[in-house]
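Take a moment with the chain before reading on.

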Amino acid sequence: MPYTRREKILDACIAITFVATVCTVILFALLLTVLRPKCPVQKILPSITVAIDGSGDFRTVSDAVAAAPSHSRKYFGIAIKPGVYYEEVSVPVEKTRLAFIGGGNGVTVISSNRSWSNPLEDTAATLNVKGDGFVAIDITFENSGNPTTGYTVAVANDAERTAFIHCSFKGYKGVLKTSGFAQFYGRSNVYGAVDVIWGIGSTVFQSCSVYVEKPLAGQDQPRALAFQQRSSPSSTGGFVFQGCSLDASPGSDQSGSPPVFLGRPGGAYSRIVFMESYLGAVLGPSAGWLTGSFIPPATLYLKEYNNRGPGVGPAERRINTTDATQFTVGPFIEGDKWLPKTYVEYTSGFL
């Protein structure tokens, strides 16, 4: 039976009505997306405040740590107002899930000046962390101790599942000790000249800058950026630098200075990986392990993936994507299991 003119017009009207309805629904959904109030960014909120001028609950960071609850199952935030706090701070093992929340990197500073040389004693550091789950945000840690008498450790971190975000670590030798399982350092700066980062920890540095300072006059021995101490094939330890910049400290003329090696092995299975990073001219392309006069064991692991810059190593040092994947935040430090609870920024896989 042939279509009448009236039926054609009716079908066209139905089609137009349908299209108009669909467009209205889509437009309404888009408007909801644009106009809907955004959820606030979650973060750890402070429970107590430290201020040098007495306007907070405490004048020293150490007193605030002592007042914090022990064996806490949720994060306890300590706000640290701007200023320079001259003290050595310890976070003991029972002070779990503490969060130091500073007023800004370079604005809130915790400083000390004691060097450490006795391995039989607890590490002398500006901040000594043993309580698991520790978090620090927007703080500078520095140690101006005499580098000729030992390590000048800004932070000694022996705890597990810890995170430092938007922080700086300043010293000369052995500036940052990382010796616990699952440690994360994001968007932070490390300044030092010798064995700048050291320890046995399983640690990822993501989007960080490591600045190699000029050595003191008369110190003409080769030096290393990282001193990694993994001694067993079953150990999870290792340092990963992902999306980092590693170069000479800005404005320092290091021509004629002793060479800087990527790593120094402190164990037969020492492991360091540099991936998606910039390796500056201060790191010569042939400067891999600093081993001195002894022949390094074949079990040492120093690899690169998708790096750039004049310090990029030879082809035999590079690994493929499959091998590099195991050193991203998700698998290497099991970051997806615990980092979301800290509310810090991180990327689980490749950048």
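Does Q254 count as buried or exposed? At 13% relative accessibility, Q254 counts as buried, where buried means under 20% relative accessible area, exposed over 50% and partly exposed in between, with a 1.4 Å probe and protein chains only. This is a predicted model, in which local features need pLDDT of at least 70, side-chain atom pairs count only at pLDDT 80 or more, and totals for chains, interfaces and linings use all residues. Residues are numbered from 1 along each chain as its sequence is written, and side-chain values use heavy atoms, with hydrogens and water left out.

Q254 sits in the loop between β21 (245–248) and β22 (260–265). Strands (E, at least two residues) are DSSP runs, numbered from the N terminus. Leaving out residues up to four places away in sequence, Q254 touches V212, E213, K214, P215, R223, A248, S249 and V282. Contact here means heavy atoms within 4.5 Å. With V212 there is a specific atom pair: a polar atom of the Q254 side chain lies 2.6 Å from the backbone oxygen of V212.

Now follow the strands. β21 belongs to an open sheet of 8 strands, in the order β3-β6-β9-β12-β15-β18-β21-β24, with parallel pairing. β3 (83–86) and β24 (278–279) stand at the edges; each has a single partner strand, so one side of each is left without a neighbour in the sheet. Two strands pair if DSSP finds at least two bridges between them. β18 (residues 209–212) and β21 run parallel and are joined by 4 bridges. In that pairing, D247 in β21 is the bridge partner of Y211. β21 and β24 pair in the parallel sense over 2 bridges. There, S245 stands opposite Y278, and L246 has L279 as its bridge partner.

Next comes the nonpolar interior. A nonpolar core is a set of buried Ala, Val, Leu, Ile, Met, Phe, Trp, Tyr and Cys residues joined through side-chain atoms within 4.5 Å. The largest has 53 residues, and I78, F100, L127, F141, F164, F169 and F241 touch the most other members. Beyond four places in sequence, the contacts of F169 include F141, F164, V175, L176 and Y185. A second, separate core has 23 residues, among them V135, A163, Y305 and I319.

Last, confidence. pLDDT is the predictor's confidence in each residue, from 0 to 100. The chain has a mean of 89, and 87% of its residues reach 70 or more. Over residues 28–41, pLDDT stays under 50, and the model has 1 contact beyond four places in sequence for them.

Note on methods
A polar contact is a pair of N or O atoms within 3.5 Å; within protein, one must be able to donate a hydrogen and the other to accept it, and residues adjacent in sequence count only if both atoms are side-chain atoms.
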